[in-house]
Structures are given as structure tokens and as C-alpha cells.
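Here is a short report for a reader meeting this structure for the first time. Take a look at the chain, then read on.

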Amino acid sequence: RPPVIPLVARMADQNTSGTPAMTEREASRLDKFKQLLAGPNTDLEELRKLSWSGIPRQVRPITWKLLSGYLPANAERRDSVLQRKRQEYFGFIQQYYDSRNDEHHQDTYRQIHIDIPRTNPLIPLFQQASVQEIFERILFIWAIRHPASGYVQGINDLVTPFFVVYVFEYIEEEVENFDVSSLKEEALRNIEADSFWCMSKLLDGIQDNYTFAQPGIQRKVKALEELVSRIDESVHRHMQQYEVEYLQFAFRWMNNLLMRELPLRCTIRLWDTYQAEPEGFSHFHLYVCAAFLVRWRKEILEERDFQGLMILLQNLPTMHWGNEEVSVLLAEAYRLKFAFADAPNHYKR
């Protein structure tokens, strides 16, 4: 049997646990990050440039907090901002969380409660009751504070990468089997509040994906179709020939930011770049989806009927993927963005 590859960690990746000694290049990159982060005012533009090609695991928590705009660039202000935001979040819990069983909130809470166990069902970490309760609180508070969209399935996935990265702030070992009850309560509270705020920042940029009828997603899927028709006409025609609608497979790619198509370790690496790229989660994600689809052109063109195509597109074989495959995908997406952005009609013919 092939070895079981952990979904989050290891896999000969300098950013995760259980790895051999760092190469010289990795050590030098880590040093560059540490120097940038050590100054009194972090140069965010430089941090973005450095982060684009991946963030070392040791500095990923603070780098994500800075890139998402949750932490200020000014180092002196950081502790007080963290303290204030964490208190504010737990203030929301006190204020709103008891209302989850009220008549007008119970549908929201019920849906969240159903979705949480389905989030990352293969990773034991997320099957722990205390972790599921954290996710329930984060999602319920977010939904109450964003009535325009409320809770929509798919948002539950978006907490996961933040939660995992912020757990890494407190542990050295692998994360998928980690028992969170061994963490101090304060650490868990910090992880919860930080995950809430960073997820909120992300969702601020893509909220029209989740408002009524999800217009943002409809638009992006249409744009993906336009883009693919320009970059790979044979794939596009093949889909048309067998009557595969892009919405049938790409809705999930937009709704869950490809999280259901990739192992979690790959999503975390992808998000390093999304947070370094302007409008990474909205605009750049579109190019990543186009590069991702075309990456499977050989397999797509071999399928000769609707059912075979749908089965392939909903179960793309990425379980073995690691940093290298993600880097190739991102480089191709960047090339596409460069080729098609700024064109007067953008991705249109």
C-alpha cells in the first residue's frame, strides 16, 4: 500500500512539521522573513512579495495576520490590537451566542450544526467536540453580524486554514491528530478569536459570493467559462459537446475556494499567495481555477460522455499534491492573469 500522506502537515515541505533539516535556500528565506518581521514597522509591500512564493511554517501565523490586515504593520501596537480584538470577539459571544436557539436564529444555528461535522471529515482534529464548538461559535457570530448573507454552506470550510495555521503557533508536532484539550484555555481562545477576525476579513472581499442567489459566484463561473474558451478552445468545446455546464462543477470551486478539490496542506500554501496578491481570493482565484481546469486537459479530453466528465471533474486526483504542484498552478495562473488582465474586455473574446 502507498504510504498515507498527512492532509495538513509534513510531505517534505519546509512549512510543515516532521521535516528533515532545512535546505540552505529555505533557511535563507526564513531569515528574510524574520528580518522583515523584526523591524518596528513591517514593510507590507515587501512582505507580500516575499510571501507570494510561500511562507515558512514558523512565521506563517504572524504573516497571515499582517497580510489580512488584522494586525497593524507597527510592531508596538500589535499586542494592544490583539488584546482589544480578542476581547471584542468574546464580547460578541456573550451578547449573541445565547440567542442561537431563538426562533429567528435557530435555522441558522441548525444548518451550522449540521455542516460542522462534514467539514474535513478525514482529519481527526476536526472531529473533536471542542473544535466543532469553536467552529459553531465563529460561524454563528459571523452570520448574526452579516445579515445580508447570513450563513451559507461553504463558509464553514473557510475557517479551517486559519484555525490550523493559528494552532501551529502553539505546537511543534503534527496537527491532524493533535488533541486540542492539551492546549491552555487562553491559547484556544486566542486561536478562536484570531480565526474569526481573519475569516471575516477574507469574507469582506467576497461577500457577494454568499448574498441571496450568490451573484458573485454566478459572475465568476461565467468569467471562468469565457477565460477557458480563450485559453484552451478544445477543452471548452469538449465540455460543450457533452453538455457539461461550468456551473455544475465550478460552483463548488468558487463557493469553497477550491478547498474541496485540494488537500488542506495545498490550500494553506495557496492562501499564502492569495493573501499576498491584490484581490487574491476574488480576482486571482479565477485565474487559478482556469489554470486548474486546463491542468487536467488530457484526462478531460479522454472522457467521452457527460457522466464520465462529471465524475472526473468532481473527483480530480490531487490527494498526492504538495507545494510543487501548487507552485506550478500559481505560476500558470499568474501567466494567465498577465496575459488577460488589462485587456479591454478582460476575459471576453
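Predicted model: local features only at pLDDT ≥ 70, side-chain atom pairs only at ≥ 80, totals over all residues.

L286 is buried, because its relative accessibility is 3% and the cut-off for buried is under 20%. This residue sits in helix α13, which covers residues 280–295. M254 lies 32 residues from L286 along the chain.

**The whole chain**

The protein has 16 helices and 0 strands. How does its radius of gyration, 20 Å, fit with a compact globule of 349 residues, and what would such a globule have? A compact globule of that length would have a value near 20 Å, so the protein agrees with the rule. Along the principal axes, the C-alpha trace spans about 60 × 55 × 50 Å.

Burial can be given for the chain too: 55% of the 349 residues count as buried. The accessible surface comes to about 16500 Å². Carbon and sulfur atoms hold 50% of that surface.

Take the contacts with a separation of 6 or more: 74% of them join residues 24 or more positions apart. Charges come next. The protein has 41 positive and 48 negative charges, and their mean positions are 3 Å apart.

**The annotated domain**

An unreviewed UniProt entry lists residues 54–278 as "domain: Rab-GAP TBC". Over residues 54–278, the chain is 62% helix and 0% strand.

Most residues other than glycine have a negative phi. Which residues here have a positive value instead? N120 is one of them, with phi near 50°. Q214 is another, also with phi near 50°. N120 belongs to the loop between α5 (106–115) and α6 (129–145). Q214 belongs to the loop between α8 (185–205) and α9 (215–231). N120 is buried, because its relative accessible area is 15%. Q214 is buried as well, because its relative accessible area is 15%.

Where is Y151 found? Y151 lies in the loop between α6 and α7 (155–167). Is Y151 buried or exposed? With a relative accessible area of 12%, Y151 is buried. Beyond four places in sequence, Y151 touches T108, Q111, I112, D115, L139, A143 and N156. T108 is 43 residues from Y151 along the chain, yet their C-alpha atoms are separated by 6.4 Å.

**I62 and its contacts**

I62 is in helix α3, residues 60–67. I62 counts as partly exposed, because its relative accessible area is 27%. Setting aside neighbours within four places, I62 is in contact with L37, L71 and R78. L37 is 25 residues from I62 in sequence, and the two C-alpha atoms are 8.5 Å apart.

| Pair | Separation along the chain | C-alpha to C-alpha distance |
|---|---|---|
| Y151 and T108 | 43 residues | 6.4 Å |
| I62 and L37 | 25 residues | 8.5 Å |

Note on methods
Residues numbered from 1 in each chain as written. Heavy atoms only, no water. UniProt positions renumbered as here; feature names shortened; annotations may be inferred. Helix = DSSP H or I, 4+ residues; strand = E, 2+ residues; numbered from the N terminus. Buried < 20%, exposed > 50% of the residue type's maximum accessible area, 1.4 Å probe, protein only. Rg over C-alpha atoms; globule rule 2.2 N^0.38 Å. Contact = heavy atoms within 4.5 Å. Areas by Shrake-Rupley, 256 points an atom, 1.4 Å probe, with all protein chains shown as cover. Lys, Arg positive; Asp, Glu negative; His and termini not counted. Charge placed at Lys NZ, Arg CZ, Asp CG, Glu CD.
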